[in-house]
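Hello,

Here is the structure we talked about handing over. Please open it alongside this note; my findings follow below.

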Amino acid sequence: MRLLPASDTALLVELADLEQTLALYRAAQAQPIDGVQELVPAARTLLVHYRPEAVTPTELAAALRARQAAAQAGGQPVAGTRAARQVEIVVRYDGEDLPAVAERLGLSVADVIARHTAQPWQAAFAGFAPGFVYLAGGHASLRGIPRRPSPRTRVPAGAVALAGDFSAVYPAASPGGWQLIGVTAVPMWDLRRAEPAYVQPGFQVQFIDQRTAGRHISLPAVPDSESNKPLAPDQQAPAAIEFEAVGLQTLVQDAGRHGMAGLGISPSGALDLPAMRQANRLVGNPVHTPVLEHLLGGLRLRCHGRATLAVSGAVAPLTLHAPDGRQWPVPGHAALALDDGDVLAIGAPSAGVRCYVAVRGGWQVAPVLGSCATDTLAHVGPPALQAGQRLAVGGAVPAQALRATQDAAAPAPELPRAGAQVTLDVVAGPRTDWFGPEALARLTQQPWQVTPQSNRIGLRLHGAEPLARARHDELPSEGTVTGAIQVPAGGQPVLFLADHPLTGGYPVIAAVARHHLPLAAQLAAGCQLRFRLVAPFAELGDAHDTLPEKPA
């Protein structure tokens, strides 16, 4: 077992193989460790998210080693474990890569199909998207199959594929580099079902040849899920807000959708959590009440009835337009009372990029999988708001949970202006050793420009000199954290934000410390980034810790 720092709130446990990884995962689930928030298994690693206030790295390392020792000594199923649930997937085996796979293996196409359907596969761990699950334990001859040298820009939904030692079904159309051998009509992900994921880690999956089963596969259009339906206004709510304009992007966000790693879903949620909490405090809401996250100005809100709003986050001009034609500037970071017919307009930010709009009593939005957060990668949660849409307000939070509004403006945060140079603290790891010492020096010594291709998934950075890898072998997919600095083959890093994929296959050289994640969320394209190393890379051993024992 290797214990590698993944951030200042996560450890990456590297094990010998998938079997050992799943054994430790099951042991840690059966005997939870205090302070551990979530476990993300992958091919040969287990990502452990934890609260540093509750458990130190040393204590966590000791607990994980104890769980591993118990799993190795026991060699028996965990008490109370039920027999694995089995699901069937009927496949039309006509994939574009099927003949090439057969030729590579020295088999006929019929032999590949027979071996793919010969025995149940084990659903091991979730992949890059909801419903994508790595399936292991197939026929021995179907292992070690390389990915395509050049990934396809679009793999259709329902594609059945092979890569490495795994099989999988693509739940939605997406880019992909796996070898396609067939297609199924079974939806892998559907939010209308009580269990949205058809396959979940721990299940057994039996593939069935459509010709043998005699079952016809049709490929109907995938219906809209509940998370993609328009939000209906509540006629009983005390007021409503109409969106006359929404700017570049306006989303509903809250503190995130936690505990969904088994379904392939990252937490998502507001990128600047302190700003979300401040907006809610200003109007007297509980701090995790859903808010609007608005990007780069242009939002115009018309009030129907009376409502109290507050805007926090990016420093942007606010203008109040009265029904009689008068208009005047109003302060941000303060509670603002709107009367019937008033329009609040948010201009382009002078510092930061994301504003957060809270309304007293909350926005009337239906949660999806326990959260109102909009995950732009997984397409889970309410859709982006549209001009002309209305949301009921004021009735989403119980009256007894509301507090007094704050009359005085709260201090505005110090946020970077366009083109500013910003320094972010980083923790080295977990794959710093995949790079030479000159790459880590370059990461911290040269500036990195935030490019316009950045979004909620991550900040795409560009430096004069790319980061060169010392190792060029393929890294099996492993869990990633918000703030991870992943380095693709080209050497230009990507800083993951809240909507990042749950797992990734490129090495992560470092991760932004949690106290600087809100600042990273407010960086505009053109800003210059510098990284300051606050914890060097070292494996967690018995005699030392890589990370501080308690947060500073």
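**Overall fold**

Of the contacts in the protein (heavy atoms within 4.5 Å) between residues at least 6 apart in sequence, 74% join residues at least 24 apart. This is a predicted model: local features need pLDDT of at least 70, side-chain atom pairs count only at pLDDT 80 or more, and totals for chains, interfaces and linings use all residues. Residues are numbered from 1 along each chain as its sequence is written, and side-chain values use heavy atoms, with hydrogens and water left out.

The protein has eight helices and 33 strands. These are DSSP runs, numbered from the N terminus: helices are H or I with at least four residues, strands are E with at least two. Along the principal axes, the C-alpha atoms fill a box of roughly 80 × 60 × 50 Å. Buried residues make up 53% of the 552. Buried means under 20% relative accessible area, exposed over 50%, partly exposed in between (1.4 Å probe, protein chains only).

**Aromatic rings**

Rings of Phe, Tyr and Trp (its six-membered ring) pair if their centres lie within 6.5 Å; planes under 30 degrees apart count as stacked, over 60 as edge-to-face and the rest as tilted. The count by this rule is 11 aromatic pairs. One of them is Phe125 with Phe166, edge-to-face, at 5.7 Å centre to centre and 80 degrees between the planes. This pair links distant parts of the chain: Phe125 sits in strand S6 (residues 121-126) and Phe166 in strand S10 (residues 166-169), 41 residues apart. Phe125 is buried at 1% relative accessibility, and Phe166 is buried at 13%.

Phe132 and Tyr134 also pair: their ring centres are 5.5 Å apart and their planes at 75 degrees, so they are edge-to-face. Phe132 is buried at 1%; Tyr134 is buried at 6%. Ring pairs join Phe125, Phe128, Phe132, Tyr134, Phe166, Tyr170 and Trp178 into a cluster.

**Asp8**

Asp8 lies in the loop between strand S1 (2-7) and strand S2 (10-14). Its relative accessible area is 16%, so Asp8 counts as buried. A polar atom of the Asp8 side chain lies 3.1 Å from the backbone nitrogen of Arg514. Pro52 is 44 residues from Asp8 in sequence and 7.8 Å away in space, C-alpha to C-alpha.

Best wishes

Conventions: Polar contact = N/O pair within 3.5 Å; in protein donor to acceptor, adjacent residues only side chain to side chain.
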